[in-house]
Amino acid sequence: MTGFLEQSACKGRRPNHLASQRHYPRPDLIARLLRERHVARFLVAPEGFGKSGLAMEYSDTVFSFEHVFWINGRSPCFLRDLDRGIIVSSLTMADEEPFLVVVEDVPPLDAARAASLSAAFDDLLGRGCEVLATCTPSCDAYGPLQHDRLKLSAVELLLSDVEVDAGRSVDDRAARPASAVPPAERIPALVWGPSGAEEAFLDGALREELPADVLLAMSTMLVLGRGSVLDVDAFGPCGDDLVALMASSYPYLGIDRRGERFEAPDFPASAVARAVAGKIDALAARSRFAGRDALAGRWADALVARARCERACELVGVLCSRGARAAWLTERSRALMKGVCVLSAHELYASLGQAASLANPRLELGEAARLAALGDTTGALGLARRVAFDLSAPDGVRALAALVVVRRGKGPSRKRACEELARLAGPQGGGAEPSTKNRDEGRASDAAFWRPLVQTQLTLLDDPSWLAHGAACRMEGADEDARALAAAWALDEVAEGREGARSDEASERAAALVRLETFVRSRLAEAGDRPRDLFVAAAGLALERVRERGALGPIEPLGASEALMLHRVEMELFSQRRSFERAAREREERRAERAAARPDEYLDGRYLPEKGRSATIVPLLTVNLFGGLDVRIGDTPVDPRRFRRQKVKTLLALLVLNRGREFPRDRLVRILWPESEIETARKNFYSIWSYLRSALSGPSGTCPYLVRQQNGCRLDERLLNTDVARFDAVCRMLLFGQPGADGWAQLYAEIDDAFADDLMPSEQDNEFVVQARRECRVQLVDALVAAADRLVESDDAQEGLWFARAALRRDRTREDAYTALMRAQIAAGQRTAALETYFSCRRFLTSELGIDPSLKTMALYRSIIETEEPLD
C-alpha cells in the first residue's frame, strides 16, 4: 500500500481540511445516497455546492469515519496509483471489512484513465464496498461508462426552503421569505458561507477548466448580472447548446431558457473582476473584440447603458491597463456624471496616478466636475483653473473648465474665467471666432453641449432678467442635457431672487417660467424609466425650490414618481459626499499614524497631516505568548535575537500575564531567581530589565511600554495588545456569550488557530509560567466543555461535537470532557461513537486512577443501551 493511499484512511477522524468547517445537515440528500448504496454515486456540481460537505456527512452518519478512505483526486499521487492499477488491491489489503471510498475532486481524465477508474469502482462495488465521487461538470466523463450510477447534479444540490432558512437570522427570514429566493441564490456556499464568501465562490467557479466559449459566456453573465441571451451573444458565440449546458450545470447563472434571459446573483463587481482577471486574455481571444482592454471596456459600456455605473468603474479599475482606464474614463465622464456615479469615477481617476492625468485636459476636466459635485471646491478649482487657462486644450474643454471656475470660484481667477468664456463663446457670445483647429475638434469637444451652457452663463451674468426671454427653452439644436442644466441655473437665479426682472416684463417673465416648468416636467416624465439622471434632477430640484418660494404661483406639485426620482438622486449624491469626506478624514489619520511611526521624518515635516500637526501616536505593542513568544511594535516584528536570553523572555511573559497591573519588584526577583541571594538577584534583575527595555525601544531610544516605579514595574496596558487578553475574552464568550449562527464557527476557528498550542511551550523551568500554562489549559477545557453542553441544549449537536472533541484533544484526563462528547454524540445520533467514548473514559479511569466512572457518566451509558430495540 502506497503512502498516499495509507494516509487517506480516516481512522475515525474527519479529513484535516474539513475538520474545522461548519456543516449543515442535509438529511434528504443523505437518504437518496443511502437508497443506492450498491452503485457508484457521483456528486457533480461546480465549486461551492457542498459536495465535500455532503460526502463528509454521509461518511460520518453511516461509517463514523471508520472504514473510510478519503482520497484527494487533485493529488498527482492519485493519477500515479490509477495508472499503476493498484488502488483496489491496496485498499482491500489495508481493510478487510467492507469500506467506503470517497474520491474528492476527480480531475479531468482522458478516455483510458476514465475507463480505469470506472473499472476500479465496479471492482470495489463487487467486493461489497461503497464508492462516492465528487467532481465538477467538466470532469464528469462517467455517464457512458457506468449507466447504473446515481448522479446528483448541481440543480439537485440547491438548497430547499428549510435549508435556506437554516443559515439565516430571524430578521432576514422576515424581510425575505425563503420562497422568494430564486434558484440562482440557493447555492450552499453563498447561503451558508461567511460574509464575503462570494469572492471565494467565484474564484472556484471560474477556476474550472472549461472551453473558452463557455467561460466567456459565463463571465459575461456574471459581469452584467442580468439581461438576455442576445446580450451575451454580442460579446461572443452563445448558441442553444451552450445555453442548455450552462442552464443545467451552472444554475447560479439564473438562466431562463424559455424567456431567453438570465439573472445571476448580484455578486460584488470587485469579486467578479478579480475572478475574471486571470482568464481575461483567453476570453478576449475568443470574443468579438481585440484584446482584454477592449473586452473589459465593452463590458463596462454595457453596464453604463444599464445604469450600473459604479459596477462599470470597479470593473475597469481591475481589468484594464492604466492607459485604457484613462481613455475609458475620459470618454465616459459625462455619462457617469449623468448617472450620479461620482465617487466611483473619482476613485478610478485616483488609481491612474498624477502623471497619467496631467497629460489629458479632458480627463482633468471630468475630475474637476466630480470634485465640485462631491463638495471639494478647493480641489475642483485647482484642476479647473489649470485646464481653463491651458491654451493647448480644445475650446470645449477649456470652456467647461472655465464654467466650473465661474460658478465655484471667486476673485481674479473668476474674472479671468469670465473673460475666457466670452472669448470662447464666439460671435453669439460677443467673442472672437474660434480657431480652425478647434472647430475641427467640434465632435471631441461636444459643442452642442458646452456652447449653450457658456452662452447661458454669460447671459445670466450680464442680464439676470434673461429669464424674461425664456431662452432656456428656445435653444435650438442644443443638447438635451445642456438644456436641462441651463434651466437648472436659470431657476436657481429665480429661487435666490436674483433674476431682477423689470416690472414691465412681469408678464413675459411669468410666461417664461411657465415654459421652463413645462420643459422640466416633460424631461422628468421622460426620465421616469431611468433610475437616476443628475442633469434632469438638477433642473427638477431647482423647480421645486422655486415652487416652494411661490415664484410660480399656485401650481401642482410634482408627481409621486418624479418626486421619488429627485429624492433618490439627492440622497445618492449626499451619501457619496459623506463617503468622500469620511475617506478624506481616514487618509489624514493615516498620515498622522505614519508620522508617529517615523518620528524623525515626522519632526522634519515630511509626514505632517494636511491640517496641521497632530498629536504623536505611539504604535501598539503586541505580545503573543501562545505557541511561543511573538513581539511586534505596530506592524513591525521585533527581531527575535533581542530575546535570546531566556530570562528576558520570561520577564516579558510575567509582565504580560499580570495584565498591566503593577508587579512588586522583589516578587519578580524571587520568581526569576528563586535560589539566588536577594542582592545578587536584584543586580541580575536590573541587567535583564535593561535588556528588555532595549528590545522594546523605538528609533529614538525611548521605551514608552515599560513603566518602572520605586518598588514595582508593569506594562502600560493602554499600549498593550496581547493574545492573553483575547484568550480570556474567548473563554468568557464560550461560557456566557451568545455568538450567533456564524459566531460559533468563528470562535472554533480562532481557538484552533490562535490557541492550538500551549502558553510559552519552551519555558519549562519557571514555575510561575508553568502554572499559568496549566491554568490556561484548564480554563480553555472548562470553556469548551461548557460551550459543547450549551450547543447540545440548543439543538445544535453538530457544533457541540466540535467543541467537545476539542476539549478532549486538549485534556484526556477530564471525565467531564468525555461526558460532554458523549452527550453531543447521542444528540447527533452517533450512539456507536458514544459507546466507544464511554469505554475509552472507563479504561482511563480504571487503569490510570483506579476509580469507576461517575453516576452521570453511567447514566449516559445506560441511556444508550436501554434505547436499543429488542431482537426478534
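I began with Cys 341, which is buried at a relative accessible area of 1%. For burial I used under 20% relative accessible area as buried, over 50% as exposed and the range in between as partly exposed, with a 1.4 Å probe and protein chains only. The model is predicted, so I note that local features need pLDDT of at least 70 and side-chain atom pairs count only at pLDDT 80 or more, while totals for chains, interfaces and linings use all residues. Residues are numbered from 1 along each chain as its sequence is written, and side-chain values use heavy atoms, with hydrogens and water left out.

**Entry 1. The chain as a whole**

I recorded 42 helices and 15 strands in the chain. Helices (H or I, at least four residues) and strands (E, at least two) are DSSP runs, numbered from the N terminus. Of the 872 residues in the chain, 49% are buried. I then looked up contacts, defined as heavy atoms within 4.5 Å. Among contacts with a separation of 6 or more, 69% are between residues 24 or more positions apart.

**Entry 2. Cysteines**

I took a disulfide to be a pair of cysteine sulfur atoms within 2.5 Å. Searching the whole structure, I found zero disulfides. Cys 309 is in no disulfide, and its nearest cysteine sulfur, that of Cys 341, is 5.2 Å away. Cys 309 counts as buried because its relative accessibility is 2%. Cys 341 is likewise in no disulfide; the nearest cysteine sulfur to it belongs to Cys 313, at 3.8 Å.

**Entry 3. Aromatic pairs**

A pair of aromatic rings is described by the distance of the centres and the angle of the planes. Here rings of Phe, Tyr and Trp (its six-membered ring) pair if their centres lie within 6.5 Å; planes under 30 degrees apart count as stacked, over 60 as edge-to-face and the rest as tilted. The structure holds 22 such pairs. Tyr 250 and Tyr 252 form an edge-to-face pair, with 6.2 Å between centres and 80° between planes. Both partners count as buried, because Tyr 250 has a relative accessible area of 1% and Tyr 252 has 0% relative accessibility. Tyr 838 and Tyr 861 form a stacked pair, 4.3 Å centre to centre with 15° between the planes. This pair links distant parts of the chain: Tyr 838 lies in helix α41 (residues 831-849) and Tyr 861 in helix α42 (residues 855-865), 23 residues apart. Tyr 838 counts as buried because its relative accessibility is 1%. I also noted a cluster in which ring pairs link Phe 49, Phe 201, Tyr 250, Tyr 252 and Phe 267.

How do the side chains of strand β1 (residues 41-44) point? Arg 41 and Leu 43 point one way, Phe 42 and Val 44 point the other way, and all are buried. Strands pair if DSSP finds at least two bridges between them. Strand β1 is joined to strand β4 (residues 130-135) by four bridges, in parallel, and in β4 the bridge partner of Phe 42 is Ala 133. Three bridges join β1 to strand β5 (residues 150-152), also in parallel; there Leu 43 has Leu 152 as its bridge partner.

I next looked for charges over rings, requiring NZ of Lys or CZ of Arg within 6 Å of the ring centre and within 35 degrees of the ring normal. The charged end of Arg 149 sits over the ring of Phe 42, at 4.9 Å from its centre. Over the ring of Phe 389 sits the charged end of Arg 416, at 3.9 Å from its centre.

Helix α14 (residues 269-277) has as its buried residues Ala 269, Ala 271, Val 272, Ala 273, Ala 275 and Val 276. I listed what covers them, including α10 (197-207), α11 (212-224), α15 (280-286), α16 (292-305) and α17 (309-319).

Helix α23 (residues 395-408) has 14 residues and reaches 20 Å from its first C-alpha to its last, close to the expected 20 Å at 1.5 Å a residue. The expected span is 1.5 Å times one less than the number of residues. Helix α23 is mostly covered, with 12 of its 14 residues buried; among them are Asp 395, Arg 398 and Leu 403.

**Entry 4. Gly 167**

Gly 167 lies in the loop between α7 (161-166) and α8 (170-175). Is Gly 167 buried or partly exposed? Gly 167 counts as partly exposed because its relative accessibility is 21%. Leaving aside neighbours within four places in sequence, I found Gly 167 in contact with Tyr 24, Val 191 and Trp 192. Gly 167 and Gly 193 are 26 residues apart in sequence and 8.5 Å apart in space, C-alpha to C-alpha.
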